[in-house]
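Work through the exercises below with the model in view. Try each task before reading its solution.

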Amino acid sequence: MNDFLKRIKGKCISFEYYGNGDITTGVEIKSIIENVDYFKQLYEDFPLVNLSSFEDYCIYLIFRKFALYKDIIPMLAKDEYKVIIDEFSDEAKTKIEAVNIGDVIRFINDHIAEIFETELEITGIKHVTLDLIAKYKNGISEEVYMWLCSSYDYLLLDRFENFESIFEKYPDLFDSIFTTGKYQEINKLREETVFNIFSRIYQKKCSPLRPTVDRVVSVLAKDILEMCENANENNAMIVNRTFQRFYTCLTKIKSPIVNIFVPVKKKMELLLNESLKNNGIEFKYEIPTSQIIELWEKQEQWEVRMITLTHAGKVLENGNITLYSRIEVEGDSEKNWIDMIATNMNNDEYYTFSLQEKLSIIATIESGTFLALMQKRETYSELINMVMSVIKFVSEQFGCDEERLDLDVKILDSYLQMCMVETKKPRETDIALCYGASMFICALIDKIMRILYVNEAGVDQYIDIEKLSIGQTLNPHDQIMKDYFGEKHIKHLAFFLNKDGVKERNIGFNYRNSLAHWTIDPNEVNKGLVAQLMWLFTDIINTIFIHFLNHIKLE
């Protein structure tokens, strides 16, 4: 590791800039404000005159990132912090402007292997370099693209939109990625990505990449035809998924080869039906609400009663009990039949159809329990009192009495009582009351998550809490929040309250935004929705509650 990287090691700095909506940026800002003299000394000790070494390139990337901190200034909590970061980013900008962009491009052209293959403890250099290559792609040499195609072809295909014009300029490069055109090769490059690229290429009438597509498709057709001919009931789901993707691609590119697969399509449909008939899964669930509440009422300690509303205990090998949220349902280790067939539901490799079904089922069970609790005067009174006790405890631990969370619970109580009271009222009135309660619960979740976010990251004195949104506090990619809740937990909360997804955050119920922007179906705004949001709110405050308790044992 070079001298410069040794200096920033352990200072929470990476090469990649995550933007003002990510907690990682907040942690970096905190580190700079608390060590501003240390970081400013870097400008003195490592003057950036030119790019003559790998260390110079690292310095350039880090200073370039420092210059981008300008856009986080409006989120800072105090004027003095704004001045520090403003001056700090301005100085970084001055430093990098001394380096000609042509020099940066030349360095990448001459040292691409060193940049990508040097092992560093500071993360993100490949990603940032690829960003620079995409931005200044016309200045990057053909040799660099040749090297990337031979060593990191999947990265270029993942960013095909950025590099399509380069592949069109050097069609042999694109062709070199597909050495054999065999299915095994396509599968390694991720078949879905490849088929989407092929379809995109054929949207242009005169794309120079079409010959490669035609060559690969003709070879691939033989492999997939053989796969379909050898398919049986045990692997029909997997083979059918590949076949459907390929068949869709052939249709989009209007390949005559598609005619060969018309009878195959019928065969696969018959085989799939047989497989479903013999190996199908029936979803059948009964919600034991009365039994759940009966068991709950038998718990003597109120803390245990409260926690068991959302969490369960698991005995470890050493005899200790660990608590986990019941929202942390596991997906199937192997995809079942329902994940292999087409569905109108958005899904990806994590949020499979079957996992979304499980999440919906657990939500139905939990919200059913909360609804039963809230519709019975005695249990409702106990529930709201326990919520108040937890909120007061959490507020005290956070040291945020000024946030008046206890008053928020009293307002929540009023909302819940208005919408849960069983009286004869027009449906529109019921929707209005349930909407008010639902929206307030979302706002309360937003507030609690903001308080947790800035406290857990230790940036509460630096970042203005009012500038944070639920999209940031429920971002499953934020490492600090992921560590606090657990990866599945934070992802599944985002699934209901916001949206999530592996590549794009476009999967989930998005309750918070659909309520705020009134894009939700009014018929879905009912007591069941209120109960579901109360379950999610209780899950969050219970998780925080558990973090502050030393030991809780479920009797």
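**Exercise 1.** In which helix is the place of Glu-229? Then classify Glu-229 as buried or exposed.

Solution. The model is a predicted one.
- Step 1: find the element. Glu-229 sits in helix 14, which covers residues 210-229.
- Step 2: apply the cut-off. A residue counts as exposed when its relative accessible area is over 50%. Glu-229 has 52% relative accessibility, so Glu-229 is exposed.
- Step 3: look across the chain. Met-268 is 39 residues from Glu-229 in sequence. In space, the C-alpha atoms of Glu-229 and Met-268 are 9.1 Å apart.

**Exercise 2.** Describe the protein as a whole. How many helices and strands are there, and what percentage of the residues is buried?

Solution. 
- Step 1: count the elements. The protein has 28 helices and two strands.
- Step 2: check burial. Of the 555 residues, 49% are buried.
- Step 3: check the contacts. Take those with a separation of 6 or more: 71% of them join residues 24 or more positions apart.

**Exercise 3.** Characterise the packing of helix 10 and helix 13. At what angle do they pack?

Solution. 
- Step 1: locate the pair. Helix 10 spans residues 160-169, and helix 13 spans residues 191-201.
- Step 2: read the geometry. The angle is about 55 degrees, and the axes are 12 Å apart. Helix 10 is therefore oblique to helix 13.
- Step 3: Helix 10 crosses helix 13 in a right-handed way.
- Step 4: list the partners. Helix 10 brings Phe-160, Glu-161 and Glu-164; helix 13 brings Ile-197, Arg-200 and Ile-201.
- Step 5: sort by class. This contact of helix 10 with helix 13 has three nonpolar residues, three charged and no polar ones.

**Exercise 4.** Now take helix 22 and helix 23. Is their crossing left-handed or right-handed?

Solution. 
- Step 1: helix 22 runs over residues 405-420, and helix 23 over residues 427-456.
- Step 2: their axes come within 9 Å and cross at roughly 160 degrees. An angle over 145 degrees counts as roughly antiparallel. Helix 22 and helix 23 are therefore roughly antiparallel.
- Step 3: the crossing of helix 22 and helix 23 is left-handed.
- Step 4: the contact residues include Leu-405, Ile-411 and Tyr-415 in helix 22, and Leu-433, Phe-440 and Ile-448 in helix 23.
- Step 5: by class, the contact of helix 22 with helix 23 holds 15 nonpolar residues, one polar and three charged.

**Exercise 5.** Examine the backbone at Arg-404 and Trp-518. Where does Arg-404 lie, and where does Trp-518 lie?

Solution. 
- Step 1: recall the rule. Most residues other than glycine have a negative phi.
- Step 2: Arg-404 is not a glycine, yet has a positive phi of about 50 degrees. Arg-404 lies in the loop between helix 21 and helix 22. Its relative accessible area is 42%, so Arg-404 is partly exposed.
- Step 3: Trp-518 is not a glycine either, and has a positive phi of about 50 degrees. Trp-518 lies in the loop between helix 27 and helix 28. With a relative accessible area of 42%, Trp-518 is partly exposed.

Notes
Residues are numbered from 1 along each chain as its sequence is written. This is a predicted model: local features need pLDDT of at least 70, side-chain atom pairs count only at pLDDT 80 or more; totals for chains, interfaces and linings use all residues. Side-chain values use heavy atoms; hydrogens and water are left out. Axes are lines fitted to C-alpha atoms, for helices over the stretch in contact, and angles run from 0 to 180 degrees between N-to-C directions. Helices (H or I, at least four residues) and strands (E, at least two) are DSSP runs, numbered from the N terminus. Angles under 35 degrees count as roughly parallel, over 145 as roughly antiparallel, 65 to 115 as roughly perpendicular and the rest as oblique. A crossing is left-handed if the near helix is turned anticlockwise from the far one by less than a right angle, and right-handed if clockwise. Contact means heavy atoms within 4.5 Å. Ala, Val, Leu, Ile, Met, Phe, Trp, Tyr, Cys and Pro count as nonpolar, Asp, Glu, Lys and Arg as charged, and the others, Gly among them, as polar. Buried means under 20% relative accessible area, exposed over 50%, partly exposed in between (1.4 Å probe, protein chains only).
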